[in-house]
Amino acid sequence: QKNLSLLSPEQVELAKMLLEMNQGHLFQHWPEAGVEDDAKRAFFDQIARLNASYPGGLASYIKTARELLADSKAGKNPYEGFTPSVPSGEVLTFGEDNFVQFEDAGIREARKAAFVLVAGGLGERLGYNGIKVALPLESTTGTCFLQHYIESILALQESSCKLAQGEGPTEIPLAIMTSDDTYLRTKDLLEKNAYFGMKPSQIKLLKQEKVACLDDNDARLAVDPHNKYTIQTKPHGHGDVHSLLYSTGLLKEWHEAGRRWVLFFQDTNGLLFKAIPASLGVSAIKEYHVNSLAVPRKAKEAIGGITKLTHQDGRTMVINVEYNQLDPLLRATGHADGDVNCETGFSPFPGNINQLIFEIGPYLEELSKTGGSIKEFVNPKYKDSTKTAFKSSTRLECMMQDYPKTLPPSARVGFTVMDAWLAYAPVKNNPEDAAKVPKGNPYHSATSGEMAIYRANSLILRKVGVKVDEPVQQVFNGQEVDVWPRIVWKPKWGLTYSDIKSKVGGNCSITGKSTIVLKGKSINLENLALDGALVVDAVDGAEVKVGGSVHNAGWIIENVDFKDASVPEEVRIRGFKINKIEQVEKTYKEPGNYSN
Ligand code: UGB
């Protein structure tokens with residue numbers, strides 16, 4: 001009461017609302033007026049921001065939270081009335097005829113696309129201190145995720161525009177959703193690196209607001225333990241991306257510019273762009289309004305399962321069921337063993353990798369009705385089975401893949417399954433958790449993410465006729481992985497199967513200890529026998545033929561302990577470093593034809 005005199009009429013209203021919503025604990029330890037008044041005003045500034053940035057305000061947030069927390073405590077099945085079954089979708093195998101056709105179609109469509117990277121997450125499971133998009137996706141070249149993504153989009157743009165011969169849009173835009181945790185560091189990374197070659201005007205940084213954390217089942221707002229005048233906040237989830245694209249007018253702008261597709265992707269999947277051309281081709285040819293990319297999923301793997309849900313009233317939808325909900329849903333509908341592998345060794349439900357392709361027209365039309373709001377959920381970690389206390393504060397969240405939940409049955413919602421070795425290798429788990437992953441399930445760590453790049457590139461080169469040695473097994477940070485030759489290339493060297501095939505000729509071979517780095521657009525490998533390290537760098541316009549025998553001591557992988565604080569964090573978390581002993585470097589700085 002004594003503090004009321006400090007407040008503006010709006011702040012008094014907010015204080016009343018908080019008291020009505022049973023949030024009196026927020027003021028319990030406040031000293032009388034005259035003491036720490038500035039901090040008290042700052043508290044109300046934060047309350048006003050939280051209130052303004054949530055549809056319906058904080059009261060609505062607290063009300064929804066109470067309902068969802070009560071459902072969670074009661075163990076209520078969010079899929080009441082629905083029966084799950086395995087849906088059918090487009091299943092593609094790299095290099096097969098239909099894969100190549102879809103890739104061709106995808107390259108044609110790419111110039112009409114816009115990309116959206118969701119990168120507002122803290123990466124809590126990884127425990128890395130920087131932003132995840134700044135992490136190297138492999139340590140052979142040290143290229144970071146953001147650089148790789150931008151270079152991939154630029155390579156797509158160039159290939160697609162070449163086919164279009166000057167018709168239609170010529171630049172593919174990239175929007176990046178950040179949060180308070182990632183905005184400045186993402187901006188900084190782009191500015192310090194000249195936007196990795198993209199025009200600054202092609203990139204738009206969006207920022208999602210955080211939501212208040214909750215301390216208990218009555219949705220009492222959580223106070224920061226270090227500052228009693230601050231409410232703890234956390235990101236609301238990647239689902240915010242829809243309302244942001246709508247409220248900023250970006251989606252409308254893209255639509256008016258003649259764009260047809262929007263592609264959403266996550267912060268740390270170094271393989272993704274190998275799957276983009278074919279999956280975009282599927283969207284175009286099958287005329288999907290919504291197309292989700294999927295990979296075969298191991299039971300209990302921490303990725304959602306794409307599921308067909310049929311309601312008692314006959315409604316059906318194909319939707320992602322999140323990993324923590326799939327098992328209870330199956331058990332509740334007569335599958336006594338829950339989320340288990342079938343005879344293939346995989347879960348029968350394809351794994352959602354949250355790479356979504358939407359057709360812009362129908363998407364914009366839907367958002368004009370909903371404003372982009374997405375159904376929320378809560379996922380508290382309870383202290384014990386009484387479900388009365390949380391291990392740490394929780395908050396409401398929403399997921400971008402839940403968008404189709406509100407679509408009418410006429411919407412064309414499909415999915416495309418590709419091999420995980422080609423399409424999916426995220427970096428999500430810290431070394432300790434990764435080492436505990438059940439044998440046979442993917443680690444989703446910095447170690448496995450990097451090794452997956454070498455494996456995919458080795459398998460792709462094998463498909464186009466290169467003899468690549470078998471991998472060897474090695475253990476890094478407690479994880480056993482296959483170590484293939486370290487084969488890496490810039491996206492502009494090869495985006496599609498046909499592209500890559502056209503650049504490899506004769507009898508080429510690469511031994512297991514080898515490293516090859518291809519940094520130019522027109523580098524042709526012709527009768528190359530590599531046993532060591534070879535780095536080829538060629539400017540655009542340099543047509544280079546590389547062949548013959550290359551033999552040297554090469555680049556060696558050496559173990560690093562993740563607890564060794566003398567080693568940089570991005571190296572430690574993968575458990576190895578590369579010792580560059582000896583290599584052959586071929587550099588072509590002027591356009592022209594070169595052969596050796
Ligand atoms: N992200 C944001 O931009 N904002 C946020 O508020 C939160 C996250 P996680 P998650 O592919 O492996 C998803 O935390 O949510 C960004 C799917 O739900 O890495 O546990 C964040 O920066 C799941 O079905 O993943 O699981 C990151 O880029 C499955 O597909 C992205 O959102 C799983 O990903 C994902 O955030 C997967």
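Visitor: At roughly what angle do the axes of helix 1 and helix 2 cross?

Guide: Please note that this is a predicted model. Helix 1 covers residues 9-20 and helix 2 covers residues 37-52. Their axes come within 10 Å, and the crossing angle is roughly 75 degrees.

Visitor: How many residues of the contact of helix 1 with helix 2 are nonpolar?

Guide: Helix 1 contributes Q11, L14, A15, M17 and L18, while helix 2 contributes R41, F43, F44, D45, I47, A48 and N51. Two residues of this contact are polar and two are charged. The number of nonpolar residues is eight.

Visitor: How are helix 4 and helix 9 oriented, roughly parallel or roughly perpendicular?

Guide: Helix 4 spans residues 97-110 and helix 9 spans residues 276-286; their axes come within 6 Å and cross at roughly 85 degrees. Because of this angle, the two helices are roughly perpendicular.

Visitor: How many residues of the contact of helix 4 with helix 9 are charged?

Guide: The residues from helix 4 include F99, F102 and E103, and those from helix 9 include P277, A278 and L280. The contact of helix 4 with helix 9 has 11 nonpolar residues and two polar ones. The charged residues number three.

Visitor: Which residues of helix 5 make the contact with helix 4?

Guide: Helix 5 comprises residues 145-164, and its axis is 7 Å from that of helix 4, at an angle of about 90 degrees. The two helices are therefore roughly perpendicular to each other. From helix 4 come I107, R108, E109 and A110. From helix 5 come L156, S159, S160 and L163.

Visitor: With which residues is K112 in contact, leaving aside its neighbours within four places in sequence?

Guide: K112 is found in the loop between helix 4 and strand 3. Heavy atoms within 4.5 Å count as a contact. With its neighbours within four places in sequence left aside, K112 touches G258, R259, R260 and W261.

Visitor: Which residues come nearest to the ligand?

Guide: There are 25 residues around the ligand. This shell divides into nine nonpolar, 12 polar and four charged residues. Strand 14, residues 347-359, gives the most to the shell, with three residues. Those that come nearest are V118, Q208, E322, N352 and Y424.

Visitor: How much of the accessible area that the ligand has on its own does the protein cover?

Guide: An oxygen atom of the ligand is 2.7 Å from an N or O atom in the side chain of Q266. A backbone N or O atom of G120 lies 2.8 Å from an oxygen atom of the ligand, and a polar backbone atom of G304 is 3.2 Å from one. On its own, the ligand has 710 Å² of accessible area, and the protein covers 90%.

Visitor: What is the phi of Y195, near how many degrees?

Guide: Most residues other than glycine have a negative phi. Y195, in the loop between helix 6 and strand 5, has a positive value. The phi of Y195 is near 55 degrees.

Methods: Residues are numbered from 1 along each chain as its sequence is written. This is a predicted model: local features need pLDDT of at least 70, side-chain atom pairs count only at pLDDT 80 or more; totals for chains, interfaces and linings use all residues. Side-chain values use heavy atoms; hydrogens and water are left out. Axes are lines fitted to C-alpha atoms, for helices over the stretch in contact, and angles run from 0 to 180 degrees between N-to-C directions. Helices (H or I, at least four residues) and strands (E, at least two) are DSSP runs, numbered from the N terminus. Angles under 35 degrees count as roughly parallel, over 145 as roughly antiparallel, 65 to 115 as roughly perpendicular and the rest as oblique. Ala, Val, Leu, Ile, Met, Phe, Trp, Tyr, Cys and Pro count as nonpolar, Asp, Glu, Lys and Arg as charged, and the others, Gly among them, as polar. A residue is near a molecule or strand if one of its heavy atoms lies within 4 Å of it. A polar contact is a pair of N or O atoms within 3.5 Å; within protein, one must be able to donate a hydrogen and the other to accept it, and residues adjacent in sequence count only if both atoms are side-chain atoms. Accessible areas come from the Shrake-Rupley method with a 1.4 Å probe; for residues, only the protein chains shown count as cover.
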